[in-house]
Structure formats: C-alpha cells, structure tokens
Amino acid sequence: MKYRSEDIFTPQGILEEVEHNPNLDLLMNIFNIPRAFGVSGFGGNWNVGMHSVASAFIALYWAKFNKFDEAKTNKLAARALLHDLHEAVTGDILPMFKTKTSKARLKEIQKNIVTALNMKEEEDMEIDLKIVDLVAFYYEIRQVSPNILHPRKLKLAHTMAERQLAILVDYAKENKIKKSKIQQFLQFLNI
C-alpha cells in the first residue's frame, strides 16, 4: 500500500479535497498540534498555534527594531502568523527528519493554504521571517521550566537554548546580519 500526503485526514476532510479551500476548523487545528521539540521532555504545553502567535508578536518587535514601514510591518506579522499553517494537517516535524521530497510537499501544502487565504508568500521577506521564527523558538525554549531539583534537566534546557541561539546567530551571519544586531534584538525583547 502506498501512502500519499493527499490522503491525510484533516478536521475538514481529506487534504486533497480541502488544501485549496481550508475552513476555520482546519486553520484552528494548529492549536491542537504539539510542538515537536516536546520530544525532548521539555515541551510543556506549547503548540503550533502558540508558536505562530508568538512569531507574529516577535515580527512586530523585529519590524519596530528595524524601523520597517507600516506596510512591511503588517506583511511580516501576517506572514509570521501564517508561516506554519501546513502543520495543522501534517503535525510539527523535527527539521532533521524532513527529506527533500517531504520539504517540497510541505511547502506546496503551505502555499496552497496561504493562497486560499488570499495571501502571498513573497521571497523578499524570507530572511526576516526566518529570523522571527528562530527567535520565537528560542523564546519558547527559554519559557520551559525543567524541575530545578534535577540539575541534569536544567543543564539540558540550557544546552538546548544555547544551541538554538547558535542556530539563530549562524542563520543571521549567513544572511549578512551581524551577531550584535541579534543580541541587541534579544535584549530589546528581554529574552
């Protein structure tokens, strides 16, 4: 038996039938999808919806920090809010398990859902959006409360935060954004 992504059941019906016309039940399902980093044992109660809302708020702060105009600010915040809508039907998948083929299909599902909402995924904001997404994940990790009576868990939580910060800084560096700017922004957010 061959499994196809089009056969995924969603709160609205089979993906193949609904990805071009999602209803509110499908979209709101992001609040039912736990964040994949929860497999570490530190997931707490974070879900994809919470991550998306945090990303949208952080996008507003990033825009303010960078003095973006109102149109760019609004576009970035909307894109951040919508950036993981595909996970309403696929779940949140750890990046290291995404193959080239699965990434392409996830991107296609995301594009279909966003297009159905009369939004565009323009390339000009990809770097800002990824910065926002990485900062949101860093914030999320920093909100985790491992039991302080277990020093190993606390040490692991710090290691996770340090690694996510390194990923954020490396991504920024690859895109010609200085580490000092990222550090200033995190201080601006008090993270």
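Predicted model: local features only at pLDDT ≥ 70, side-chain atom pairs only at ≥ 80, totals over all residues.

Student: What makes up the chain, in terms of helices and strands?

Tutor: Nine helices and two strands. Along the sequence the pattern reads β-β-α-α-α-α-α-α-α-α-α.

Student: Why are helix 7 and helix 8 called roughly antiparallel?

Tutor: Helix 7 (residues 126–143) and helix 8 (residues 151–174) pack at about 170°, with their axes 9 Å apart. The label needs an angle over 145 degrees, and the pair is therefore roughly antiparallel.

Student: Which residues of helix 7 and helix 8 meet?

Tutor: Among them, Ile 127, Ile 131, Leu 134 and Phe 137 from helix 7, and Met 160, Leu 165 and Leu 168 from helix 8. The residues of this contact divide into 15 nonpolar, one polar and three charged.

Student: How do you know where empty space is left?

Tutor: You roll a probe the size of a water molecule over the atoms.

Student: What makes a space a cavity and not a pocket?

Tutor: In a cavity the 1.4 Å probe fits but cannot get out, whereas a pocket is open. Searching the whole structure for cavities of 30 Å³ or more turns up one. The largest cavity holds about 30 Å³, and its lining is Arg 79, Leu 82, Val 114, Met 119, Lys 120 and Glu 121. That lining splits into three nonpolar, no polar and three charged residues.

Student: And how much space lies in the largest pocket?

Tutor: About 1500 Å³. Its lining has 38 residues, with Asp 84, Pro 95, Lys 98, Lys 130 and Asp 133 nearest the centre. Helix 6 (100–116), helix 7 and helix 8 each supply at least two lining residues.

Student: What kinds of residues line the largest pocket?

Tutor: 16 nonpolar, seven polar and 15 charged.

Notes
Residues numbered from 1 in each chain as written. Heavy atoms only, no water. Axes fitted to C-alpha atoms, helices over the stretch in contact; angles between N-to-C directions. Helix = DSSP H or I, 4+ residues; strand = E, 2+ residues; numbered from the N terminus. Parallel < 35°, antiparallel > 145°, perpendicular 65-115°, else oblique. Contact = heavy atoms within 4.5 Å. Nonpolar A, V, L, I, M, F, W, Y, C, P; charged D, E, K, R; others polar. 1 Å grid on protein atoms, 1.4 Å probe; cavity = no way out; pocket = protein on both sides within 12 Å on 5 of 7 lines; lining within 4 Å. Points joined across faces, edges and corners; volume = space filled by probe spheres on them.
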